[in-house]
Amino acid sequence: MLGELEQTVILAVLHVGADAYGVPVHDEIHRRTGRDVTIGTIYKTLTRLEEKGLVASHIGDPTPERGGRRTRCYAVTPAGRRALQASIKTLRRMAAGLDVGLEPS
Amino acid sequence: MIRACVWLLERLLPADWSDHVIGDLVEQQHRGSWWMLRQTLAALLFLRARPHRGDRMLSTFLNDMRIGARHLRRAPAFAATSVVTLGIAIGASAAIFSVIEPVLLRPLPYPHAERLAFVWERNRDGTFDNIGFETVVDLADNAKSIEHWAAIGSWEPTLGDDTPERVSGDRVSWSYFRTLGVQPAIGRDFLEEEDQQGHNGEVILSHGLWQRRFGSDSSAVGKKISVGGMPMTIVGVMPANFDNVVSPNAEIWRVLGYEPSLPFACRTCHHLRMIARMKPGASMRAAATELDQIHARLEKAYPKEYASVGAGVVPMQEEVTRGFRPALLALAGAVCLVLLIAMANVVNLQLARAVRRRDEFAIRSALGAGRGRMTQQLLAEGLVLALIGGLAGVIVARVALPVLTTYLPPDLPRLGAIHLDAGGFAAVAALVLLLSIVMAVIPGSLAANELGASLRSGRRLASGAQHITRSTLVVAEIALAAMLLAGATLVGRSLERLLGVNAGFETSHLLSLEVDAVGKKYPNAASLYAYHDRVRDAVRGVPGVASVAVTSQLPLGGNMDRFGITDVGNPPSNPEQVPSGDRYTVTQDYLATMKIPLLRGRWFTAAEAVDTMNHVVVVSQSLAQRLWPGQDALGQRIRMGESTRATRTVIGVTGDVKHSGLDANITQGFYVPERQWFFADNAITVVVRTSLEPASVAPAVRRAISAVDPSLPIIRVATMDQLIAKSTAQRRLALVLFAAFAGAAVLLAVAGIYGVLAGSVAERTREIGLRSALGATPREIVALVVRQGARLGIVGLVAGLAGGALLTKYLRTFLYGIGAGDPITLAAVIVALGAVTLAACAVPALRAVRIDPSEALRSE
């Protein structure tokens, strides 16, 4: 079972697709949930996920607007997808039959 | 902000993180400073603290720190107040330390700098004086403890013919750089045979001058350059890192080329400085004794030539910092006081918080946490707070230091070495550690003492010990604030007095321009006088100019040109005893332009201004009193300089003028028509009385002077108000810093008093309710609160003023016309702190009055 922040971050990485690094992931979470998670927290979570093998990272290209610094981009691994599915399934099963406003519309 | 954040992250984040995290922040910098700061702090907090597995103690501690951080997030007001307080105090300390460390503490940047010293002539009153060339040679030749030595005379040549520029330099003995232990980076050092009269056409340039004028072209070495109209060869360029503490502004050097036979090399010609490198193993004290003995022999051999009583040997490090040491130490003291107050305040906040957290600790203790374990938790929390405060402090220091540096006097030695470096960070780190321990241990030990009681009673009361501690801290804060406030008031009142000093002439609407007339067009005195006349005619035609004059030097202009004055009718037996005076060689319109009052006699006429036969002179009042006390100065005959010079008749006496600064106490001076002086000055000051705002007239005057001869450099354009501001800049800086420190201290002290009283009222709700139920009037309840505040205030004030009396002696360099025990200052401090103490009582007192008795009695 993934933690709540872990789920949010994995989902955000999936939404962003290619080039998912700190800033777009932060913006995606902010846009969808209104939560202003700091970039430091996001990288912290991504590191933990990477240690568990749920995401993989590669070093991207430096750009002038970044002051010539590189990006670190993340992608969700197949294991990550499975963990996410398992996690969400667990939630669904637990919520089934309860009126918590989560029923598919 | 972004640069500060990047700088922090680069240093503090692990290497595998910094690059892409910083990149993200740089990319998003348009989101503003606050966003940046928040992201930076979060990144530091989350990405740094990775516990080392296997080290349980450490990982628990890091865990504690994380818990501490979470606690702080839940008490944002407490956290913000503490971080701001700590940040300002740590930042100010680091900034001041970064100035003091290279200037006062770090050894000079020369090999074996501890063997370097200045050698002076020591006067009867213990002051030191410059030294004549013959004395230098005799001392150096006879002293066994001296390895290398050099004499130094100041020199301000004008470089180049096409784009002339005046630079500051030194004429030095050939062994000057050898004595310091440095060598040119390009080319060579001076040679011994070059240090002779008539054979001194070689110059060495500073790295800065070489870059500026020759575009760092290394083929410049060996080329000829026009120096003051004479061709000279560049033989060397000093390295970029040559930090010249002997003359911080010097950019060019040529050999002295003196011989004892020269008239200006005499024993009484006190215009040289001497430096010496002692032999290895020769102690400074032994060298001082030896030079003193040699000097005593010289005094015996030449009794008429020495008024001095010995040689003064001052280690170079001590000499170059002597003028600044008291000021820097006073600032260091002030910043320490601020730091102490900040510490007291944060501890106080912690204590207030500890009262509220008593239950938490009681539960922890009941669950089996030992005292050590809980102290560890508090230490971790203190460390988190101190670390964040330290980071804020580093940012404060990074912002404050460049601002501070621009206000430092430009002749401060080692100015270039001032920046925030390892030393500054070590200071910050030490402070952080100290603060975190203090912040943990004091509240911790108090809280631990009464754990059991808390759970049983369930009441949130501060203990007696806590009350005493908090009150003591507040008293200390008030005392420290009183000391700073007294210091700031004294410095402020001194500055006010100084600016109120009568300079001896009308300072408003006065503009001055310095011109250096050199080159082939000015081969003799006549051509210079003609140039001065053309300049005066040209400036007189500029709209807004009321009158204009030419003078050899200007009061408060920073020049120094004094001549010995011999009373021809009554010459002193020892030539060393002749008084000296500032020489003003001026055009006829000078007195009227400066508006210097004429006290007796008359000023010279237009006819006398061009009369080269009958020499006249006008003297200042203090010079007249010095030469002829109780007698009439008019008609007396005096001579300036050597015995071959013309004798002059005194025709008038003017008011005194402050020449070297508003705080000058020597005001002897004399005025001579420029065509009557025995040489014509190349460097002159054009002084202009304006009817309009002088700064607005300046560009037109400048153009008018340039039009007369565009090839001459105008060295400086300044209004008299600017010159006065410059001469008081150091005092202003001290005032601004002291005022800022005192303001911060008073604010913190007010916050401290308020905190104690508010806490006390909250705890005594029941008691106060009971009192008013029993018939106490609102007035009596207000008195109850105010009495408590006033007690803190009075004890603090008394302690502070007593402490201040001990400390203000370190402020003496900043004081002018005022004693450290100035009664008005004392009164001002008492009134100001009394008022803010009462103000701090107001809110708690009102809250106490508003307590509803019935509710208060029911509440517990």
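A residue is called buried when its relative accessible area is under 20%, exposed when that area is over 50%, and partly exposed in between (1.4 Å probe, protein chains only). The model is predicted: local features need pLDDT of at least 70, side-chain atom pairs count only at pLDDT 80 or more, and totals for chains, interfaces and linings use all residues. Residues are numbered from 1 along each chain as its sequence is written, chains are lettered from A and ligands numbered from 1 in the order in which they are written, and side-chain values use heavy atoms, with hydrogens and water left out.

**View 1. A:Glu6 and the fold of chain A.** A:Glu6 belongs to helix 1 (residues 4-16) of chain A, where helices (H or I, at least four residues) and strands (E, at least two) are DSSP runs numbered from the N terminus. With a relative accessible area of 6%, A:Glu6 is buried. Leaving aside residues up to four places away in sequence, A:Glu6 touches A:Thr45, A:Arg48, A:Leu49 and A:Lys52; contact here means heavy atoms within 4.5 Å. Chain A holds 4 helices and 2 strands, in the order α-α-α-β-β-α from the N terminus on. Of the 105 residues in chain A, 41% are buried. Among contacts in chain A with a separation of 6 or more, 45% are between residues 24 or more positions apart.

**View 2. The contact between chain A and chain B.** The contact involves 21 residues from chain A and 24 residues from chain B. About 1900 Å² is buried between the two chains, 51% of it on carbon and sulfur atoms; buried area is the accessible area (1.4 Å probe) that two parts lose on being put together, summed over both. On the side of chain A, the most area is lost to chain B by A:Lys44, A:Arg66 and A:Arg69, together 29% of what that side buries. The interface has 10 residue pairs in polar contact, both residues at pLDDT 80 or more. A polar contact is a pair of N or O atoms within 3.5 Å; within protein, one must be able to donate a hydrogen and the other to accept it, and residues adjacent in sequence count only if both atoms are side-chain atoms. Helix 2 (22-33), helix 3 (39-51) and strand 2 (72-76) of chain A each supply at least two residues of the side that touches chain B. Helix 3 of chain A gives the most to that side, with 6 residues.

**View 3. Salt bridges across the interface.** A salt bridge is a side-chain nitrogen of Lys or Arg within 4 Å of a carboxyl oxygen of Asp or Glu. The interface of chain A and chain B has 5 salt bridges. One of them joins B:Asp24 to A:Arg66 (2.8 Å, N to O). A:Asp27 and B:Arg31 also meet in a salt bridge (3.0 Å, N to O). A:Asp27 lies in helix 2 of chain A and B:Arg31 in the loop between helix 2 (15-27) and helix 3 (33-48) of chain B, so the pair joins two chains. A:Asp27, at 28% relative accessibility, is partly exposed, and B:Arg31, at 29%, is partly exposed.

**View 4. Salt bridges within chain B.** B:Arg267 and B:Asp138 form a salt bridge (2.7 Å, N to O). B:Arg267 is in the loop between strand 11 (252-255) and strand 12 (273-278) of chain B and B:Asp138 in helix 6 (residues 133-142) of chain B, so the pair ties together parts that are 129 residues apart in sequence. B:Arg267 is buried, at 3% relative accessibility. B:Arg716 and B:Glu514 form a salt bridge (2.9 Å, N to O). B:Glu514 is buried, with a relative accessible area of 9%.

**View 5. Aromatic pairs in chain B.** Rings of Phe, Tyr and Trp (its six-membered ring) pair if their centres lie within 6.5 Å; planes under 30 degrees apart count as stacked, over 60 as edge-to-face and the rest as tilted. The count is 21 aromatic pairs over all chains. The ring centres of B:Tyr176 and B:Phe177 are 5.0 Å apart and the planes stand at 65 degrees, so this pair is edge-to-face. Both B:Tyr176 and B:Phe177 are buried. B:Phe563 and B:Trp677 also form an edge-to-face pair, with 5.1 Å centre to centre and 90 degrees between the planes.
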